[in-house]
Amino acid sequence: AMGYRFVPPAEIGSTGGARRALAVSFDDALKSVLTNAHPILREHDISYTVFAVSEWSDQVHDWQKQKVLSWEELGGMIEQGVEVGSHSATHRDFGGIDEDRARAEFERSIETMEKRLGFKPDVFAIPFGQSANWSERADKVARELGFKTIYAQAEDTRPPGTIPRTFVTK
């Protein structure tokens, strides 16, 4: 179809992506990814990444139990080849928090994902995704803690050193 092909997000993250290469990713780890998108993407053998907000996937509140994928569901998706990355601990705006709070957000997310999924995430998607939602401090701390690939929105206005994403809604 018009010469486009789907590739794993990690391929674009590591190479910048070839012309007409498309990757699929989802923020917030909502249950609709598993119920609606997953079957279609699996049917067409399309790899994708889900970015989980660790405290949401802990499912403490009723809305989280109803709307957000559990760690068990995410683990099952990983077994089927889905990449899971971090979207922070509480979905904070990193453009408006200090270095200590940013560090705590990353560390809590990493620790929870290690405990619940058995691995340390090295890909991160910026909550809200825009350049105003990120800072040099946050970038420095994220990379110190082991995030190798950081995804942001908007090709032309994203923070330096991040991988561009385009926001698509239904």
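Which residue forms a salt bridge with R103, the closest N and O atoms being 3.7 Å apart? The points below answer this and then turn to the other features of the structure, which is a predicted model.

1. **The pair R103 and E99.** The partner is E99, whose salt bridge with R103 has its closest N and O atoms 3.7 Å apart. Both residues belong to helix α6, which covers residues 99-117, and they stand four residues apart, about one turn of the helix. R103 is partly exposed, with a relative accessible area of 22%, and E99 is likewise listed as partly exposed, at 28%.

2. **A link from α6 to α7.** R103 also meets the side chain of E144 in a salt bridge, with an N to O distance of 3.1 Å. This pair connects distant parts of the chain, since R103 sits in helix α6 and E144 in helix α7 (residues 136-144), 41 residues apart. E144 counts as partly exposed, at 47% relative accessibility. Through salt bridges that share partners, E99, R103, K140 and E144 are joined into one network.

3. **The pair E105 and R101.** Is E105 buried or exposed? E105 counts as buried because its relative accessibility is 0%, and the limit for buried is under 20%. R101 is partly exposed, with a relative accessible area of 30%.

4. **The overall count.** Side chains of opposite charge can pair when their charged atoms come close. In this model the count comes to 12 salt bridges.

5. D28 is placed in the loop between β3 and α2. This residue is buried yet has no salt bridge. The side chain of D28 does have a polar contact of 3.2 Å with the side chain of H87.

6. **The largest pocket.** How large is the volume of the largest pocket? The value is about 1400 Å³. Its lining consists of 37 residues, of which A23, S25, T166, F167 and V168 are the closest to its centre. Several helices and strands each supply at least two residues of the lining: α1 (9-15), β2 (21-22), β3 (24-27), α2 (31-43), β7 (149-153) and β8 (163-165). By residue class, the lining divides into 19 nonpolar, 12 polar and six charged residues.

7. **The glycine at position 81.** G81 lies in the loop between α5 (71-79) and β5 (83-86). G81 is partly exposed, with a relative accessible area of 47%. The C-alpha atom of G81 is separated by 25 Å from that of G3, and these two residues are 78 residues apart along the chain.

Notes. Residues are numbered from 1 along each chain as its sequence is written. This is a predicted model: local features need pLDDT of at least 70, side-chain atom pairs count only at pLDDT 80 or more; totals for chains, interfaces and linings use all residues. Side-chain values use heavy atoms; hydrogens and water are left out. On a 1 Å grid over the protein atoms alone, a cavity is a set of points where a 1.4 Å probe fits but cannot get out, and a pocket is an open set with protein on both sides within 12 Å along at least five of seven lines; lining residues have an atom within 4 Å of a point. Grid points are joined across faces, edges and corners, and a volume is the space filled by probe spheres set on the points. Ala, Val, Leu, Ile, Met, Phe, Trp, Tyr, Cys and Pro count as nonpolar, Asp, Glu, Lys and Arg as charged, and the others, Gly among them, as polar. Buried means under 20% relative accessible area, exposed over 50%, partly exposed in between (1.4 Å probe, protein chains only). Lys and Arg count as positive and Asp and Glu as negative; His and the chain ends are not counted. A salt bridge is a side-chain nitrogen of Lys or Arg within 4 Å of a carboxyl oxygen of Asp or Glu. A polar contact is a pair of N or O atoms within 3.5 Å; within protein, one must be able to donate a hydrogen and the other to accept it, and residues adjacent in sequence count only if both atoms are side-chain atoms.
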